[in-house]
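Please find below a colleague's note on the structure under review. The points are meant to be read beside the sequence and the coordinates.

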Amino acid sequence: MTAKFSRAQTRRDFLKKSGTLAALGIATSLTPDLLFAAPKSDLKGVTIDYWNMIGVQNKMVRRLSTDIIKAFEQRTGATVNVSWNSYGDIVGPKYRTNLIGGIKPTVFDACARWTGQLRSFLRPLNDFIENKLDEQTRTAIEWTFPIIKQQNSGFDDADDIMDLPFGLIAQAPAVVRRDHFERAGIDFEKNFPIRDTDHYIQLCKELQGAGIKYPTEVYGKIWDFADTQLNGWIRSLDAANDDFIDATWSHSTATSEAWIKGVQFYVDVFRKHKLSSPQTVQSSDEASLEELIKGRKSIVHADLLNRGTLLNRLPDEMADGTIQWSPHFPLSGGTSGSHACLAWFPMCIVKQEGPDAALKEEAAFEFIKEWLLPENQIAYAQVSGFGARRDTWDASMGAPDGYGEAMIAMLETPTPPRAWSNHPKSVDFQYNLLAPHGQKMLQGAPVETELKAYAAKVDEALQV
């Protein structure tokens, strides 16, 4: 963790770094006037270490992160030392190993379903939320509090908020090329958004008939088999059993009827309907998005985290509405909503030690508040996901690609939103243990047999 953010920045540097965001109308809390004004001194002399993970999502998120960090420094007089990290650092052993060894940040961002293994190192934020958060911000994010508790339901201290969301995604909408529909003679207005999986298969076959050889994709790669569209289809049949373990954290849900039907359809897209490419067993949503960008795919499921990439790579198509986001759609016959689970992107404060521990923790919470400012929440939503503040959601409506409408539709489905379980072994349950069985099923192994074998592994792990 050696890459650091330098405080030294000229006006020209600022304009250069912020130019891409500004060109897209993305305004953050950092402005030239703030940058070159005398800083406040309430936290002057305080240094905090920040491990940033979301910067890996796309280049625009990294630029946004640097702007927000600089605004915080200028507003408070504090110094922020930043390490730019990847998803692999937290889903693997790196974060936990460092924390055990005493190498730890003051604050870090992550995906909340990966923080359970680190919970003993984290500082509860309840007192800060109660005493240091303004009423308007608290009101705007308090809808997340019961979902945070649900996500951590298996912990004895589930009432303690260790990871406070600043961003979120509902997994996972579909990205559609309108020009492919029109080329295939499909009336876009009558066929968008996609209604259910019967409609999806029908559209893909029409697109295939118009020359798109593999118009969609299901994913076999370890991080994507059960991380995008699959869980939404399971949830549409049974909202109580779409996660990998039950609410009491006592057993796997993977042998339920909803899992069997959902996974069977997922496999059928590839094996029966032949709409997914020969690379399916090792395919990923990132690779499929690249195929969509190149015009070789028409409908792919991809997290809204990829919006910044589309803005970079397909600016004209994003501006004229060629690229459209569709809410995730249910398995035919399903009635319980259109998304699987929320993926939170929270900020976590690591318990500090020494005489300045309380001051560092307070500075870290002030840093979290910077990310929760309305302008930063709106800016974040424009390039990656959605802000946690409900009062900023309407600002995302009306974009040519319809990302705001798609995400709000998924967040406001009839079933209440909930987040992935934050069990300490969630990485194994969602990825490491399941993916090998997923790849076997995509190669022809019986779905029910493989899910039973997977569930047995999860049940065994839960007993340890």
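This is a predicted model: local features need pLDDT of at least 70, side-chain atom pairs count only at pLDDT 80 or more; totals for chains, interfaces and linings use all residues.

1. Tyr266 and its setting. Tyr266 belongs to helix α13, which spans residues 257-271. Its relative accessibility is 0%, and since buried means under 20%, Tyr266 counts as buried.

2. Partners of Tyr266. Apart from neighbours within four places in sequence, the residues in contact with Tyr266 are Val218, Tyr219, Asp224, Phe225, Gln229, Leu230 and Trp233. For one of these, Gln229, the separation from Tyr266 is 37 residues in sequence, while the C-alpha to C-alpha distance is 8.6 Å.

3. The nonpolar core. The largest nonpolar core holds 142 residues, and those touching the most other members are Phe108, Leu164, Tyr200, Val263, Ile299 and Phe386. Helix α13 gives the most to this core, contributing 8 residues. If residues up to four places away in sequence are not counted, Val263 touches Phe225, Leu230, Ile234, Met441, Val447 and Leu451.

4. Cis peptide bonds. Most peptide bonds are trans, so exceptions deserve a look in review. Gln171 and Ala172 are joined by a cis peptide bond with omega of about -15°; Ala172 sits in the loop between β4 (163-170) and β5 (174-177). A cis bond also runs from Phe192 to Pro193, where omega is near 0°. Pro193 is placed in the loop between α10 (188-191) and α11 (197-209).

5. Positive phi at Trp249. Most residues other than glycine have a negative phi. Trp249, which is not a glycine, has a positive phi of about 60°. Its place is in the loop between α12 (229-237) and α13. Is Trp249 buried or exposed? With a relative accessible area of 11%, Trp249 is buried, because the cut-off for that class is under 20%.

6. Positive phi at Lys274. Lys274 is a residue other than glycine with a positive phi, near 55°. Lys274 lies in the loop between α13 and α14 (285-293). The relative accessible area of Lys274 is 52%, and because exposed means over 50%, this residue is classed as exposed. Thus Trp249 is buried, whereas Lys274 is exposed.

Key: Residues are numbered from 1 along each chain as its sequence is written. Side-chain values use heavy atoms; hydrogens and water are left out. Helices (H or I, at least four residues) and strands (E, at least two) are DSSP runs, numbered from the N terminus. Buried means under 20% relative accessible area, exposed over 50%, partly exposed in between (1.4 Å probe, protein chains only). Contact means heavy atoms within 4.5 Å. A nonpolar core is a set of buried Ala, Val, Leu, Ile, Met, Phe, Trp, Tyr and Cys residues joined through side-chain atoms within 4.5 Å.
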